[in-house]
Amino acid sequence: QADPGKQWYQRRVRGRGKKAKKTVTKYVLDCTHPAEDSILDPADFVTFLNSRVKVAGKTNNLGNSIMITKEKNCVNLSADIPLSKRYLKYLTKKYLKKQNLRDWLRVVSNSKNSFELRYFQVDNEETEE
């Protein structure tokens, strides 16, 4: 068993009822290239995210904790709760697969908190013998 005096000291050191700051994480999904070619509709992507993002293990449970908006050809997502960038990439890939765009588009990170949808580089210079 632990020493009761030591437990008291540990509680004392941690601080008295100090609340952690709410960190707002913001992510940007840039859909400019496919949207300009009218391959992908950002508004449809926003509705997909609204229906698929899970909060506390449940879909359609966004509330005020996660805000998903569309600005021009970009989708902005801001979350008060912890939301991983990897999960957002997973959902983006899932949407691309559903729309049969996974063979032409890839999800690339272009900064710490943003993704970009890019076309695969296809070499058309095939040499025929």
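User: In what order do the elements of the protein run from the N terminus on?

Analyst: This is a predicted model, in which local features need pLDDT of at least 70, side-chain atom pairs count only at pLDDT 80 or more, and totals for chains, interfaces and linings use all residues. Residues are numbered from 1 along each chain as its sequence is written, and side-chain values use heavy atoms, with hydrogens and water left out. Helices (H or I, at least four residues) and strands (E, at least two) are DSSP runs, numbered from the N terminus. There are four helices and five strands, and their order is α-β-α-α-β-β-α-β-β.

User: What share of the residues of the protein counts as buried?

Analyst: Buried means under 20% relative accessible area, exposed over 50%, and partly exposed in between, with a 1.4 Å probe and protein chains only. The protein has 129 residues, and the buried share is 29%.

User: Which residues have the most contacts inside the largest nonpolar core?

Analyst: A nonpolar core is a set of buried Ala, Val, Leu, Ile, Met, Phe, Trp, Tyr and Cys residues joined through side-chain atoms within 4.5 Å. The largest one has 26 residues. Elements giving two or more residues to this core include strand 1 (25-30), helix 3 and strand 2 (66-71). The residues with the most contacts inside the core are Phe45, Leu49, Ile66, Ile68 and Val75.

User: How do strand 1 and strand 3 run, parallel or antiparallel?

Analyst: Two strands pair if DSSP finds at least two bridges between them. Six bridges join strand 1 to strand 3. Among the partners, Tyr27 bridges to Leu77 in strand 3. The two strands run antiparallel.

User: Which residue in the turn between strand 2 and strand 3 has a positive phi?

Analyst: Strand 2 and strand 3 also pair in the antiparallel sense, over six bridges. Lys70 has Val75 in strand 3 as its bridge partner. The two strands form a hairpin with two residues between them, and the turn residue with a positive phi, about 55°, is Lys72.

User: Which residues does Val46 touch, not counting residues up to four places away in sequence?

Analyst: Val46 lies in helix 3 and is buried, with a relative accessible area of 10%. Its C-alpha atom is 7.0 Å from that of Thr69, 23 residues apart along the chain. Contact means heavy atoms within 4.5 Å. With that sequence limit, Val46 touches Ile68, Thr69, Lys70 and Val75.

User: How many aromatic pairs are there?

Analyst: Rings of Phe, Tyr and Trp (its six-membered ring) pair if their centres lie within 6.5 Å; planes under 30 degrees apart count as stacked, over 60 as edge-to-face and the rest as tilted. By this rule the count is three. One of them joins Phe45 and Tyr95, tilted, at 4.8 Å centre to centre and 45° between the planes. This pair links helix 3 (residues 42-52) to helix 4 (residues 85-98), 50 residues apart.

User: Why is the pair of Phe48 and Tyr95 tilted?

Analyst: At 3% relative accessibility, Tyr95 counts as buried. The ring centres of Phe48 and Tyr95 are 5.1 Å apart, and the planes stand at 55°, so the pair is tilted.

User: Which residues form one aromatic cluster?

Analyst: Phe45 counts as buried because its relative accessibility is 1%. Both Phe48 and Tyr95 are buried too. The cluster consists of Phe45, Phe48 and Tyr95.
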